[in-house]
Number of protein chains: 2
Amino acid sequence: MAELFITKQSGEGERFDVTKLKRSLLASGASVADVTAVLKQLTALVKPGVSTAELYRRAFQLLRSIGKSYAARYSLSRAIMQLGPSGFPFEQYVAAVLEVAGYQTCTNQIFQGKCLTHEVDVVAEKPAENIHAIIEVKFHNRPGNKTGSKDILYTHARFLDINQEWVVKRARGAKPQGGELQSWLFTNTKVTTDVIQYARCAGLRITSWDYPADASFKKMIDTHLLYPITVLLGLNADQKNQLLRARLVLCRDLLEPKNEKMIHRLGLGDRKIKLLLNEVQSLLNGV
Amino acid sequence: MAELFITKQSGEGERFDVTKLKRSLLASGASVADVTAVLKQLTALVKPGVSTAELYRRAFQLLRSIGKSYAARYSLSRAIMQLGPSGFPFEQYVAAVLEVAGYQTCTNQIFQGKCLTHEVDVVAEKPAENIHAIIEVKFHNRPGNKTGSKDILYTHARFLDINQEWVVKRARGAKPQGGELQSWLFTNTKVTTDVIQYARCAGLRITSWDYPADASFKKMIDTHLLYPITVLLGLNADQKNQLLRARLVLCRDLLEPKNEKMIHRLGLGDRKIKLLLNEVQSLLNGV
């Protein structure tokens, strides 16, 4: 196929890359044969100027016809953006993901710094390993946005202010006495190379959509099957918001007996509830 | 008059404050008698829900009928916002204001920090006093926005990164050898109390629209009559942009013989040029 330009969400042109599209389709978990069939139908749609949004919508439909869980995994990054517009459900989600990774977490804690009082999005601790981290959670709800150097610089300055006070308090005997306070930026977007460079140099930890490769946000979600409820096709926007307000953010939590009542309050009939729980099951079973 | 709520640009309600309105009218330089007359006409307009934008527009018209220079001074903060939407003409303007205050300046300089390379908006120096400052210029082009703690934290982290490299280079013999590098945030908006608190604690200098009271941005402009060309009623938007692109940002520069050619290129007739220069003169004479 000749070189073709398609239109990104931002309005910019992008060279159509069939390898990239194939990779994203395979990441949904669908079989090679299925992906090949989907890809064939999609490339027929690709004409100069077609939007990535249109291609995405069509890919989603085709995957859904194969299996809901493939469509859900394919739409993961967009589902996470649906945790907005405010950053609060996303902070809850990040905390839930970190809990599964073995951290104790709390959200929206007030810390006194040397110069200012700060509200820290998420605090994550592993007392056994003496890990105490304050996490700046950066949520973007538009595709294509990147977290840039201003965000990491601001995160570091805030950490320095909090840490100065932390060191003083520990010298006076405050707990925890072991370990150092760590600074961590967590975001659902990609980050610029400047952000990675600065973080390495200044000693911050970063988790972004695709960084670090072996422990990226996407990887954490896939490895532990931590899909947010916003991926589910069996719930409408109101029902999703109702669950988020009740701090139920992970699909797998819908299978817990303690949440049965909550599900019944969504106003779904018995048949729809059964379909919903089946959707969750196949998502968690990777089929 | 009973308590009345008017509608701010942001859509929020604000209690109508006749004292505040009188103060802003007097700041235009108009006489007490004139201000009293204008105020009388304006308060007749004030009804529940009337917008501040509408009141402002009417006040501007009334002042203009008394004298163009009063209207220009009254509209100063809005004229500065018209230096946008990009921050570049505003950076030029800040540099021009600082030059008059005795600084040598340059804009958009690249500095190598310890971790990153940074583009610094304005560098201001007084070699005789060993003052070397890197200035983060924060421009907002919507009324009511404030510069907040993320901006000052980011400014400080960037300064720390640059300063670490500066100290290393000076230790190796690089000039200047005297003085310390200073960090300075300059903005056309107001700042939050957190910004002032942090700047004092961490050692940054701030110039905002109204802070510090004795050397605020507004005060600098009024003291040295440094009105930007965007206040002028004798120029349309295209003509203003033409001058800004040529880096002519101060009204008083229009009176310089070397800029005569530039003014003729604006396409104004002789009569309009004369009126324009009269407008500048009366602005600079405070009448």
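**Briefing: loops, helix packing and domains**

Let's start in chain B, where Arg247(B) sits in the loop that runs between α10 and α11 (260-264). Keep in mind as you look around that this is a predicted model.

- You can find Leu225(B) in the loop between α9 and α10 (237-245) of chain B.
- The peptide bond from Gly84(B) to Pro85(B) is cis, and its omega is near 10°.
- Pro85(B) belongs to the loop between α5 (76-81) and α6 (88-100) of chain B.
- Another cis peptide bond goes from Tyr211(B) to Pro212(B), this time with omega near -10°.
- To spot Pro212(B), look in the loop between β9 (205-207) and α9 (217-224) of chain B.

**Two helices packing in chain B**

- Two packed helices are described by the angle between their axes and the distance between the axes.
- For helix α1 (residues 18-26) and helix α2 (residues 32-45) of chain B, the angle is about 135° and the axes are 10 Å apart.
- That makes α1(B) and α2(B) oblique to each other, because an angle has to be over 145 degrees to count as roughly antiparallel and 65 to 115 to count as roughly perpendicular.
- The crossing of α1(B) and α2(B) is right-handed.
- On the α1(B) side, the contact is made by Val18(B), Leu21(B), Lys22(B), Leu25(B) and Leu26(B).
- On the α2(B) side, the residues are Val32(B), Val35(B), Val38(B), Leu39(B), Leu42(B) and Thr43(B).
- Sorted by class, the contact of α1(B) with α2(B) has nine nonpolar residues, one polar and one charged.

**Two helices packing in chain A**

- Helix α6 (residues 88-100) of chain A packs against helix α9 (residues 217-224) of chain A at an angle of about 60°, with 11 Å between their axes.
- So α6(A) is oblique to α9(A).
- What is the handedness of the crossing of α6(A) and α9(A)? This crossing is left-handed.
- From α6(A), the contact uses Phe90(A), Tyr93(A), Val97(A), Leu98(A) and Val100(A).
- From α9(A), Phe217(A), Met220(A), Ile221(A) and His224(A) take part.
- Among the residues of the contact of α6(A) with α9(A), eight are nonpolar, one is polar and none is charged.

**Domains and one residue in chain A**

- Chain A is split into domain 1 (5-66), domain 2 (88-224) and domain 3 (231-284).
- The centres of domain 1 and domain 3 of chain A, taken over C-alpha atoms, are 29 Å apart.
- Gln242(A) is part of helix α10 (residues 237-245) of chain A.
- The relative accessible area of Gln242(A) is 28%, so this residue is partly exposed.
- Which residues does Gln242(A) touch, leaving aside its neighbours within four places in sequence? Gln242(A) is in contact with Arg265(A) and Leu266(A).
- Gln242(A) and Arg142(A) are 100 residues apart along the chain, and 22 Å separate their C-alpha atoms.

Terms used:
Residues numbered from 1 in each chain as written. Chains lettered and ligands numbered in written order. Predicted model: local features only at pLDDT ≥ 70, side-chain atom pairs only at ≥ 80, totals over all residues. Heavy atoms only, no water. Axes fitted to C-alpha atoms, helices over the stretch in contact; angles between N-to-C directions. Helix = DSSP H or I, 4+ residues; strand = E, 2+ residues; numbered from the N terminus. Parallel < 35°, antiparallel > 145°, perpendicular 65-115°, else oblique. Left-handed = near helix turned anticlockwise from the far one by under 90°. Contact = heavy atoms within 4.5 Å. Nonpolar A, V, L, I, M, F, W, Y, C, P; charged D, E, K, R; others polar. Domains from an automatic or database assignment. Buried < 20%, exposed > 50% of the residue type's maximum accessible area, 1.4 Å probe, protein only.
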